[in-house]
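Good morning, and thank you for coming. I shall present one structure today, beginning with a contact between two chains and then turning to a single chain.

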Amino acid sequence: MSVLLLADHDKGELSPATARLVAAASQLGPVDILVVAENPAAIAAAAAQIAGVRIVQVVKAAETAESITNSLESLAQRYQSVSASASSVGKDVIPRLAAKLDIQPVTDVVEILGPNRFTRPIYAGNALETVTDPQPKHLLTFRASAFRPAASGNAASVESLDLSVTSAARFLAAHRTESDTPDLATAQIVIGGGVSVGSAEGFQLIEKLGKTLGAAVGATRAAVDAGYAPNDWQIGQTGKIIAPDLYIAIGISGALQHLAGIQGAKKIFAINTDAEAPLVKIADVALIGDLFEIVPQLIAELEKSGIKH
Amino acid sequence: MKILVAVKRVVDHNVRIRVRPDGTGVETTGVRMSMNPFCKHAVEAAVQLVEKGQASEVVVVSIGPKQSNDVILTALAMGAHRGVLVETDAALETLTIAKLLAKVAEEEQPDLILLGKQAVDDDSNHVGQMLAALTNRPQATFASEIVVKGSELEVTREVDYGRETVALPLPAVVTADLRLNTPRNAALPMVMKARSKPLAVRPAADFGVDLAPRLVVEKISPPAERVAGKTVGSVADLASAIAAEVNEMEAL
């Protein structure tokens with residue numbers, strides 16, 4: 001009944017969401033982690049510390065869809081479930097692997113109801129689908145934000161696998177957004193800005209509020225399309241799915257595809273000029289007014305009250 | 001270069017969907033249907049490659065009921081050359097769709113297969129990756145830029161950390177993200193012309209693919225509703241509400 005979980009990583013570090021994925025996968029059986037990376041040592045060492053991990057297996061290889069899929073495929077027969085995060089990597093490789101193994105995958109799992117019963121959102125989260133998977137093997141991606149993280153303090157063994165994986169596609173270049181704000185997908189507080197923020201300079205105000213609260217910063221699709229915020233800040237159906245304790249939406253009217261990305265937020269606060277905006281309607285707390293007046297005052301108030309993240 | 005584009009007919013993305021009270025699914029009768037937005041970006045990318053002289057033929061394929069002809073006609077009006085409808089009234093799983101598309105690809109032998117990255121109804125984001133595996137081609141998902149360089153493509157992908165560029169030897173599979181391009185609205189003369197372009201209709205049963213679903217869908221349910229909140233009157237009130245939330249987090 002064991003589960004293989006692919007670890008996400010970036011810049012040589014394990015993704016902070018991994019502990020949540022281990023917690024999810026552990027509901028199905030003992031969890032082994034697979035790390036595929038050019039320089040896997042530090043990533044594997046971090047993964048070995050997560051409670052519930054049995055073995056960390058390591059493949060030193062380029063990180064293309066083909067090389068990751070081939071690595072997973074060579075291990076797949078030992079496991080009843082092969083899983084990954086519903087991240088840009090997991091979404092890229094799990095369906096490819098599924099077709100190779102002739103298994104219909106179940107992806108974006110937000111709830112595990114039993115050994116082969118899962119809930120996943122459809123229609124941008126406006127409906128939930130409950131499925132039973134009677135196949136002999138399960139191929140899964142989990143939404144990290146839907147699960148509480150596993151503890152740390154483990155010391156699982158790390159094993160290197162000598163696989164030669166090939167890839168027709170070649171990685172050429174990474175274009176990253178330099179930012180020191182917390183990871184959007186796992187942050188406790190997220191501040192989101194809409195197209196009303198008006199400019200990239202306007203977003204610096206949103207970022208400043210983010211810094212005051214130790215929050216991650218996101219944006220709507222319209223704000224990203226307008227060039228005010230980088231693409232990896234996009235929250236919504238086709239961007240990042242967030243589930244913070246507190247989401248503060250600034251100048252966001254609440255298009256359906258944006259609401260899809262924030263349904264997991266425990267509390268939603270809104271700042272908007274329009275009291276009738278869909279996002280204001282679903283907010284737990286709303287303040288109606290001009291964001292350019294409110295946000296600087298809010299930063300001052302929060303600093304005055306000595307709020308510390 | 002020959003391009004195959006797969007398109008899907010879905011509930012229009014501006015429609016607020018309604019879950020049937022009996023839990024059997026989402027109401028689709030009497031609901032406006034249209035081409036999945038991501039598929040439009042795939043069609044637009046293919047047509048632009050033709051306009052740049054980098055592609056010679058665009059074949060568009062859809063799988064679904066007879067009415068899926070409408071989305072094929074939309075693609076033909078945008079500039080695709082001919083269409084294929086793989087007709088079925090059954091709700092097919094993504095793996096089955098990918099297997100049917102692999103059969104079409106075997107017949108058509110395209111250099112490039114373009115798809116939308118996901119359909120906005122089931123939100124699966126599977127088919128391009130599956131088709132790449134079944135046709136043993138390299139893949140570039142979530143594309144925001146496609147550049148042809150000889151017998152290779154350089155594709156920029158939207159990923160969680162930003163963007164990355166990969167090189168793919170042809171033949172290959174690419175799935176389109178929203179910032180790949182701005183899909184055109186076909187002018188009326190193109191819409192009229194589309195009706196005279198070849199459109200082959202072929203029953204899904206003729207492809208020798210097992211169409212039976214693997215998963216059992218128990219129910220479709222609406223998400224939990226959010227209770228309406230309150231409006232505060234001042235920045236100070238908002239600040240104290242935020243402080244209260246932060247204190248609660250720290251208590252955990």
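Before we discuss how the chains meet, we need one definition: two residues are in contact if their C-beta atoms, placed from the backbone, lie within 7 Å. Please also keep in mind that this is a predicted model.

With that definition, the contact between the two chains takes 71 residues from chain A and 65 residues from chain B. Let us look at the side of chain B that touches chain A. Several elements each supply at least two residues to that side, among them helix H3 (94-108), helix H4 (127-134), strand E7 (139-149) and helix H6 (235-251) of chain B. Which of these elements gives the largest share? The answer is H6(B), with 10 residues. Sorted by class, the side of chain B that touches chain A holds 37 nonpolar, 11 polar and 17 charged residues.

I now turn to chain A. Its secondary structure consists of nine helices and 18 strands. The C-alpha trace of chain A spans about 60 × 40 × 40 Å along its principal axes. How does the radius of gyration of chain A agree with that of a compact globule? For 309 residues, a compact globule would have a radius near 19 Å, and chain A has 20 Å, which agrees. Of the 309 residues in chain A, 58% are buried. Consider also the contacts in chain A between residues at least 6 apart in sequence: 65% of them join residues at least 24 apart.

Within chain A, helix H1 (residues 18-26) deserves a moment. Eight of its nine residues are buried, so helix H1 of chain A is largely enclosed by the rest of the structure. The buried residues of H1(A) include Thr18(A), Arg20(A), Leu21(A) and Val22(A).

My last topic is a pair of helices. Two packed helices are described by the angle between their axes and the distance between the axes. In chain A, helix H3 (residues 65-76) packs with helix H4 (residues 88-101) at an angle of about 50 degrees, and their axes are 9 Å apart. H3(A) and H4(A) are therefore oblique to each other, and their crossing is right-handed. On the H3(A) side the contact is made by residues including Ile68(A), Leu72(A) and Glu73(A), and on the H4(A) side by residues including Val93(A), Arg96(A) and Leu97(A). By class, this contact of H3(A) with H4(A) has seven nonpolar, one polar and four charged residues.

Thank you for your attention.

Definitions and conventions: Residues are numbered from 1 along each chain as its sequence is written. Chains are lettered from A and ligands numbered from 1 in the order in which they are written. This is a predicted model: local features need pLDDT of at least 70, side-chain atom pairs count only at pLDDT 80 or more; totals for chains, interfaces and linings use all residues. Helices (H or I, at least four residues) and strands (E, at least two) are DSSP runs, numbered from the N terminus. The radius of gyration is taken over C-alpha atoms; the globule rule is 2.2 Å times the number of residues to the power 0.38. A residue is buried if 20 or more other C-beta atoms lie within 10 Å of its own, exposed if 12 or fewer, and partly exposed in between; C-beta atoms are placed from the backbone. Axes are lines fitted to C-alpha atoms, for helices over the stretch in contact, and angles run from 0 to 180 degrees between N-to-C directions. Angles under 35 degrees count as roughly parallel, over 145 as roughly antiparallel, 65 to 115 as roughly perpendicular and the rest as oblique. A crossing is left-handed if the near helix is turned anticlockwise from the far one by less than a right angle, and right-handed if clockwise. Ala, Val, Leu, Ile, Met, Phe, Trp, Tyr, Cys and Pro count as nonpolar, Asp, Glu, Lys and Arg as charged, and the others, Gly among them, as polar.
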